[in-house]
Amino acid sequence: MRIWLLLLVTLALTMLALAAGRSWLCPVELIQGMLAGPDGAGRMIWSLRLPRVIVGLVAGLGFGMAGAVFQSLLRNPLASPDVIGLTQCAALGAVAALLSGVPPMLGAWTGGLLAILALGWLASHPREGLAPRAMVLQGLGLAILASAATEALILRAGDGNASMAMAWLSGTLNGAGWPEARRALWLLPLMLPLILAVRVLDRLELGDDLARALGLRVGLLRTGLGLNAALVAAGAVALCGPLGFVALAAGPVARWCSGGRPDPLVAGLVGAAFVTLADILARSIAPAALLPTGLYTALIGAPLLIFVVRQQARRETM
């Protein structure tokens with residue numbers, strides 16, 4: 001029931017995002033604009049708002065799914081891409097690509113993959129295998145190092161490139177058009193393996209020994225799902241910058257919606273709803289200022305995460 005409610009909320013927020021802006025559209029105007037097409041009265045919807053909404057939805061899906069997968073793989077609610085350094089390394093790669101004239105998506109994927117490979121190497125033990133707690137701690141250091149390297153790149157760039165990179169690093173959907181929307185849709189096939197991995201993630205959370213007893217190849221599955229989630233998270237970073245708190249908050253909220261079980265699809269829907277709501281606020285509260293969407297994702301995600309974690313703690317003590 002909660003999942004269907006989440007779907008309805010996401011759909012309602014999508015329609016509201018299409019109507020939001022400096023000039024709000026009533027339901028009748030919105031429907032007429034959608035039916036009119038991009039060459040008629042619906043030019044503003046089809047050319048400006050719809051691609052922006054698509055980019056936000058796909059980015060939110062990616063952040064939410066990747067956060068839930070890493071939290072399950074490492075059995076730690078803090079093990080989201082923005083905590084373990086993956087988001088920061090993807091942002092470093094995207095900024096380096098942006099300043100070099102290379103497609104940002106390629107740079108973000110390179111940075112994200114290098115981050116997850118480095119973490120796997122640093123946190124691995126010759127006999128015991130991967131140490132989840134060590135991976136989170138190593139990731140915190142990697143995040144600080146990548147953020148410092150990104151700042152160094154920006155300081156060496158020209159004024160125009162530096163201001164463009166700083167605006168992108170704040171996490172924004174401003175300027176998103178159909179080229180960005182098409183690139184966003186290419187990320188959807190990468191999300192399919194994560195959606196189908198619900199049962200695998202549920203069993204991996206039982207512990208490595210029990211998962212092996214159930215017939216799972218723990219090392220191979222953890223490596224494959226980790227690389228897949230890294231590509232999805234890095235792709236989301238390339239679309240709109242490192243939106244804070246989406247990946248971290250989506251997992252616990254999704255567990256609350258799905259009865260305590262890990263579900264990447266539900267987490268993706270939570271992330272999509274987060275980003276869409278934040279974009280609505282960014283275009284409504286101060287439409288002339290065009291404040292970054294990342295500001296509002298943090299303002300929404302932090303209180304919601306505190307509420308859900310508190311509810312779970314109360315449930316465990318009862």
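Reader: Why is Arg52 called buried?

Author: Its relative accessibility is 10%. Buried means under 20% relative accessible area, exposed over 50%, partly exposed in between (1.4 Å probe, protein chains only). Arg52 therefore counts as buried. This is a predicted model: local features need pLDDT of at least 70, side-chain atom pairs count only at pLDDT 80 or more, and totals for chains, interfaces and linings use all residues. Residues are numbered from 1 along each chain as its sequence is written, and side-chain values use heavy atoms, with hydrogens and water left out.

Reader: Where does Arg52 sit, and what does Arg52 touch?

Author: Arg52 lies in helix 3 (residues 43-73). Helices are DSSP runs of H or I, at least four residues, numbered from the N terminus. Beyond residues up to four places away in sequence, Arg52 touches Leu173, Asn174, Ala176, Asp279, Arg283 and Thr293. Contact means heavy atoms within 4.5 Å.

Reader: How do you know that the span of helix 5 agrees with its number of residues?

Author: The expected span is 1.5 Å times one less than the number of residues. Helix 5 (residues 104-122) has 19 residues, so it should span 27 Å. Its end C-alpha atoms are 27 Å apart, which agrees.

Reader: Which residues of helix 5 are buried, and what makes them line one face?

Author: Met105, Gly107, Ala108, Gly111, Gly112, Ala115, Ile116 and Leu119 are buried.

Reader: What covers the buried residues of helix 5?

Author: The cover includes helix 3, helix 4 (86-100), helix 6 (132-156), helix 8 (178-185) and helix 12 (218-240).

Reader: Why is Ala234 called buried?

Author: Its relative accessible area is 0%. Ala234 is found in helix 12.

Reader: Which residues is Ala234 in contact with, leaving aside its neighbours within four places in sequence?

Author: They are Leu86, Ala90, Ala108, Trp109 and Gly112. Take Leu86: Ala234 and Leu86 are 148 residues apart in sequence. In space, their C-alpha atoms are 7.6 Å apart.

Terms used: Helix = DSSP H or I, 4+ residues; strand = E, 2+ residues; numbered from the N terminus.
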